[in-house]
Amino acid sequence: MNQLIKTLGDAIVGVSSGFDRLVFQGMIRPIMYPEGAMSFFSRRRIMFKDAKRWVMEQTERLVSAVEEWSKHECGESITYLPSTNIRKEAEARRRQREKNVTVGPIGVWSCVEACGSYRLAPAQGAPQLRYVQTRCKHLYTHLDHPDYGFMSIRMQTWFPYRIQIAVNGREWLGRQLEKAGVGFARVGNKIHAIEDFSAMQ
């Protein structure tokens, strides 16, 4: 970057640095490894042979709660996406434009994607849980936050229920500039013109 600024110095009117996209991973750490998951079920007196049924019940509760929230807050049921190739952000942006959502929930989408979970496997003495790569339903909640702008929450609906929160530094910057009354121009995720670079930084 320094070399680029040096080379194009006469053409550059200002420079600012900051975050682009940030992703936060959330997890229930004690059940993120097989031994911890086995201890989790044992403490609750859930036999390993019954664990799948218990997990399915929790998944149904989770999806049902999000479905109810989506209908109440977004006026829409969870929208199923049949392919992982469909860009969730593009779908959410389109609905945001259609509904003219400036701040608040936009909608929830579901898609079957790869995930990590456990499977009961034979072992010496007694069957043990083993980590496996599988597929399950994921829920994507998109919203426009008053401070952080357009963002998303991705929830794995199958044990061990990972969660991912994605925010966009450019979205946040745009909101801060608007609040500060600093003029700027933006196309997509790029801010390409600004009145006051020192204020932006």
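## The largest cavity

About 40 Å³ of space lies in the largest cavity. The structure is a predicted model, in which local features need pLDDT of at least 70, side-chain atom pairs count only at pLDDT 80 or more, and totals for chains, interfaces and linings use all residues. Residues are numbered from 1 along each chain as its sequence is written, and side-chain values use heavy atoms, with hydrogens and water left out. On a 1 Å grid over the protein atoms alone, a cavity is a set of points where a 1.4 Å probe fits but cannot get out, whereas a pocket is an open set with protein on both sides within 12 Å along at least five of seven lines; a lining residue has an atom within 4 Å of a point. Grid points are joined across faces, edges and corners, and a volume is the space filled by probe spheres set on the points. The count comes to one cavity of 30 Å³ or more.

The lining of the largest cavity consists of Met32, Gly116, Ser117, Tyr118, Tyr131, Pro160 and Arg162. Strand 3 (residues 104-121) gives the most to this lining, with three residues. Helices (H or I, at least four residues) and strands (E, at least two) are DSSP runs, numbered from the N terminus. By class, the cavity lining divides into four nonpolar, two polar and one charged residue. Here Ala, Val, Leu, Ile, Met, Phe, Trp, Tyr, Cys and Pro count as nonpolar, Asp, Glu, Lys and Arg as charged, and the others, Gly among them, as polar.

Proline 160, one of the residues that line the largest cavity, is found in the loop between strand 5 and strand 6. The peptide bond that leads from phenylalanine 159 to proline 160 is cis, with omega near 15 degrees. Most residues other than glycine have a negative phi, and most peptide bonds are trans.

Arginine 45 has a phi near 55 degrees, a positive value in a residue other than glycine. Arginine 45 is placed in the loop between helix 2 (34-43) and helix 3 (48-74) and counts as exposed at 78% relative accessibility. Buried means under 20% relative accessible area, exposed over 50%, and partly exposed in between (1.4 Å probe, protein chains only). Asparagine 100, which is not a glycine, also has a positive phi, of about 55 degrees. The loop between helix 4 and strand 3 holds asparagine 100, which is exposed with a relative accessible area of 61%.

## The largest pocket

The largest pocket has a volume of about 760 Å³. It is lined by 28 residues, of which Ser16, Ser17, Gly18, Arg170 and Met200 lie nearest its centre. Two or more lining residues are given by each of helix 1 (2-7), strand 6 (163-168), helix 5 (169-180), strand 8 (190-194) and helix 6 (197-200). Strand 8 provides the largest share, five residues. The lining has 18 nonpolar, eight polar and two charged residues.

Arg170 is among the residues nearest the pocket centre, and the C-alpha atom of arginine 170 is separated by 7.3 Å from that of phenylalanine 19, although the two are 151 residues apart along the chain. Phenylalanine 19 lies in the loop between helix 1 and strand 1 (21-26), and at 61% relative accessibility it counts as exposed.

## Helix 4

Helix 4 (residues 88-99) has 12 residues, which at 1.5 Å a residue should span 16 Å; its end C-alpha atoms are 16 Å apart, in agreement. The expected span is 1.5 Å times one less than the number of residues.

Lys88, Glu91, Ala92, Arg95 and Gln96 of helix 4 are buried. They cover an arc of only 135 degrees around the axis, which puts them on the same side of helix 4. The arc is that of the directions from the helix axis to the C-beta atoms. On the other side of helix 4, Arg97 and Glu98 are exposed.

## Cysteines and a buried glycine

A search of the whole structure finds zero disulfides, a disulfide being a pair of cysteine sulfur atoms within 2.5 Å. For cysteine 74, the nearest cysteine sulfur is that of cysteine 111, 18 Å away. The sulfur of cysteine 111 is itself 10 Å from the closest cysteine sulfur, in cysteine 136, and is therefore too far for a bond. Cysteine 74 is buried at 8% relative accessibility, and cysteine 111 is buried with a relative accessible area of 2%.

Glycine 149 belongs to strand 5 (residues 149-156) and counts as buried at 0% relative accessibility.
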